[in-house]
Amino acid sequence: MEITTPADDRILITREFDAPKHLVYRVWTTPELVKRWWSGHRGTTTEVAMDLRPGGRWRYVLKTNDGAEVGFHGEYREIVPDERIVYTEVFEMPGVDLDAVDGPLNTVTFTALDGDRTRLELLTETGSRELRDTILESGMEVGVQEQMVIIEELANSLR
């Protein structure tokens, strides 16, 4: 897995999977499977709600190993099955009007590679260098690495 910053307001996560792209996409878009990978090893995913269509909303809630609940939600902007998903992502903070916050824009792209492999690219456009750096400094790298390993395991279990 590689994490780069192609611009002041962008984070790009790239990971190759030893699994075909339609299975990696299925793991990314099937609620029962998202529930198994989204929390990595940081806790348990207690809620996965997905309306996978442009304009549809999503929400995931994680109960951390120390008992805290952490929620994220957003809206799907574009869906190209087995190819690309564009969606907003809002970290739910107490006391913040969540309807007034757009959050970063994520574009996840699934590319078939030789040998039934897949390259996943997750581009996050944060809107500011400050938010980009806050996300990078949050410790997200360890969690994302855990997620990616579980995604690959799940995709291969679907073969």
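Reader: Why does T107 count as buried?

Author: This is a predicted model, and in it T107 has a relative accessibility of 15%. Buried means under 20%, so T107 counts as buried. The residue lies in strand β8, which covers residues 105-113.

Reader: What does T107 touch, not counting residues up to four places away in sequence?

Author: Two stretches of the chain supply its contacts. T107 touches R84, I85 and V86, and also E121, L122, L123 and E125.

Reader: T126 sits in a loop, so what makes T126 count as buried?

Author: Its relative accessibility is 9%, and the cut-off for buried is under 20%, so T126 counts as buried. The loop in question runs between β9 (117-125) and α3 (129-136).

Reader: How do you know which residues surround T126?

Author: Contact means heavy atoms within 4.5 Å. Leaving aside neighbours within four places in sequence, T126 is in contact with D9, R10, P104, L131, R132 and I135. Take D9: it is 117 residues from T126 along the chain, and their C-alpha atoms are separated by 5.2 Å.

Reader: What makes the approach of the T126 side chain to the backbone oxygen of S128 a polar contact?

Author: The side chain of T126 reaches that backbone oxygen of S128 at 2.7 Å. A polar contact asks for N or O atoms within 3.5 Å, and 2.7 Å meets that limit.

Reader: Let's turn to the core. Which residues have the most contacts inside the largest nonpolar core?

Author: They are W28, W37, I85 and L120, in a core of 35 residues. Helix α4 (residues 140-157) gives the most to this core, with seven residues. For W28, the contacts beyond four places in sequence include W37, I85 and L120, and among the others are V34, M50, Y60 and I151.

Reader: Now the charged pairs. Why is the meeting of R119 and E16 called a salt bridge?

Author: Side chains of opposite charge can pair when their charged atoms come close. A salt bridge needs the nitrogen within 4 Å of the carboxyl oxygen, and for R119 and E16 the N to O distance is 3.8 Å. R119 lies in strand β9 and E16 in strand β2 (residues 10-17), so the pair ties together parts that are 103 residues apart in sequence.

Reader: What makes D133 and R129 a salt bridge, and where do they lie?

Author: The closest N and O atoms of D133 and R129 are 3.8 Å apart, and the cut-off is 4 Å. Both residues lie in helix α3, four residues apart, about one turn of the helix. D133 counts as partly exposed at 23% relative accessibility, and R129 counts as partly exposed at 46%.

Reader: Which residues are linked with D133 in a network of salt bridges?

Author: D8, R129 and R132 are linked with D133 in that network. A search of the whole structure finds 18 salt bridges.

Note on methods: Residues are numbered from 1 along each chain as its sequence is written. This is a predicted model: local features need pLDDT of at least 70, side-chain atom pairs count only at pLDDT 80 or more; totals for chains, interfaces and linings use all residues. Side-chain values use heavy atoms; hydrogens and water are left out. Helices (H or I, at least four residues) and strands (E, at least two) are DSSP runs, numbered from the N terminus. Buried means under 20% relative accessible area, exposed over 50%, partly exposed in between (1.4 Å probe, protein chains only). A polar contact is a pair of N or O atoms within 3.5 Å; within protein, one must be able to donate a hydrogen and the other to accept it, and residues adjacent in sequence count only if both atoms are side-chain atoms. A nonpolar core is a set of buried Ala, Val, Leu, Ile, Met, Phe, Trp, Tyr and Cys residues joined through side-chain atoms within 4.5 Å. A salt bridge is a side-chain nitrogen of Lys or Arg within 4 Å of a carboxyl oxygen of Asp or Glu.
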